[in-house]
Amino acid sequence: MTEGVDFREDNIEDIRERNIQQEIFISSPLDLKMIRALKKTTPARIAVGRSGPRYKTSTLLRFRADHAAARDSVISKTDQRVIEGMNLFSVKTLCRDKEEYLTRPDLGRKFSEETISLIKERCIYQPDVQIVVGDGLSSKSIEANARDVLLSLTAGLKLYEISVGTPFFIKYARVAAMDYISEALQAKVTCILIGERPGLATAQSMSAYLAYEAKVGMVENRRTVVSNIHQDGTPPVEAGAYLVSIIQQMLFQQASGLELQL
């Protein structure tokens with residue numbers, strides 16, 4: 001060990017914990033007030049400064065750290081304890097593993113006959129709303145947001161006496177997996193909470209896709225989506241309440257997507 005330097009892991013700063021939206025990296029800005037105002041409007045990497053023609057070391061390291069977090073979120077699996085904590089049982093699409101999931105989107109939309117039979121056996125038939133949670137492209141987003149959205153959403157629907165089906169978890173899920181579930185359970189509205197493709201601003205963004213009487217092969221414009229559900233976007237609890245209001249309108253208008261008037 002180098003004399004006087006402690007390399008223990010607990011002494012290493014996690015640079016991703018720093019809020020770069022509140023920090024100014026330009027050494028001598030001409031208009032500091034304007035830069036601060038601009039940075040409040042966006043999580044984009046503006047006012048990062050330079051060292052000669054190159055980015056500063058701190059900027060480059062943060063970029064690499066955020067990129068690594070995004071890759072981890074795509075590759076890693078959703079923590080089983082999180083799934084069990086939401087009292088969800090699990091099923092899987094036709095994808096055998098994560099690699100096949102990433103290269104064969106078509107298989108991430110379909111289920112085996114055995115899986116469909118299991119879903120029919122364990123779930124309430126013909127509910128007003130069927131909710132499912134899918135890992136999608138960000139397991140971290142599910143771990144960070146799904147529980148609070150699910151609690152807020154189901155509580156709100158029950159308050160308005162809208163029947164809720166048996167929620168469950170889908171491993172290796174694509175959005176259109178909801179269509180097969182809708183047909184199997186004959187749900188009026190199907191809602192899938194799914195992890196979105198991570199970016200460098202956040203690896204924890206989740207979306208909710210909803211459709212009225214979803215069918216296999218239906219056009220994509222029949223889906224309604226609420227995106228950017230995360231702590232720095234639409235907070236999970238608030239998103240759950242908003243989804244309740246959308247579902248009420250879907251049931252009233254018997255429509256979704258472009259046909260739905262919000």
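Guide: Along the sequence, the protein chain runs α-α-α-β-α-α-β-α-β-α-β-β-β-α. That pattern holds eight helices and six strands. Both kinds are DSSP runs, numbered from the N terminus: helices are H or I with at least four residues, strands are E with at least two.

This is a predicted model, where local features need pLDDT of at least 70 and side-chain atom pairs count only at pLDDT 80 or more, while totals for chains, interfaces and linings use all residues. Residues are numbered from 1 along each chain as its sequence is written, and side-chain values use heavy atoms, with hydrogens and water left out.

Of its 262 residues, 43% are buried. Buried means under 20% relative accessible area, exposed means over 50%, and partly exposed is in between (1.4 Å probe, protein chains only). Contacts here are heavy atoms within 4.5 Å. Among contacts between residues at least 6 apart in sequence, 67% join residues at least 24 apart.

Now go inside. A nonpolar core is a set of buried Ala, Val, Leu, Ile, Met, Phe, Trp, Tyr and Cys residues, joined through side-chain atoms within 4.5 Å. The largest one has 31 residues. Those with the most contacts inside it are Ile-131, Leu-153, Leu-157, Leu-193 and Leu-243.

Which elements build it? Those giving two or more residues include four strands: E2 (129-134), E4 (189-195), E5 (206-212) and E6 (224-229). Helices H6 (139-159) and H8 (236-253) also give two or more residues.

Next, the cysteines. The structure holds zero disulfides, a disulfide being a pair of cysteine sulfur atoms within 2.5 Å. For Cys-95, the nearest cysteine sulfur is that of Cys-123, 20 Å away. For Cys-123, the nearest is that of Cys-191, at 14 Å. Cys-95 is buried, with a relative accessible area of 0%. Cys-123 counts as buried too, at 8%.

Most residues other than glycine have a negative phi. Gln-126 has a positive phi, near 55 degrees. Gln-126 sits in the loop between helix H5 (113-122) and E2. Gln-254 also has a positive phi near 55 degrees. Its place is in the segment after H8. Gln-254 is exposed, with a relative accessible area of 54%.

One more loop runs between strand E1 (89-92) and helix H4 (98-103), and Asp-97 lies in it. Asp-97 is partly exposed, at 35% relative accessible area. Ser-27 is 70 residues from Asp-97 along the chain, and their C-alpha atoms are 48 Å apart.

The accessible surface of the chain is about 15000 Å², and 50% of it belongs to carbon and sulfur atoms. That area comes from the Shrake-Rupley method with a 1.4 Å probe.
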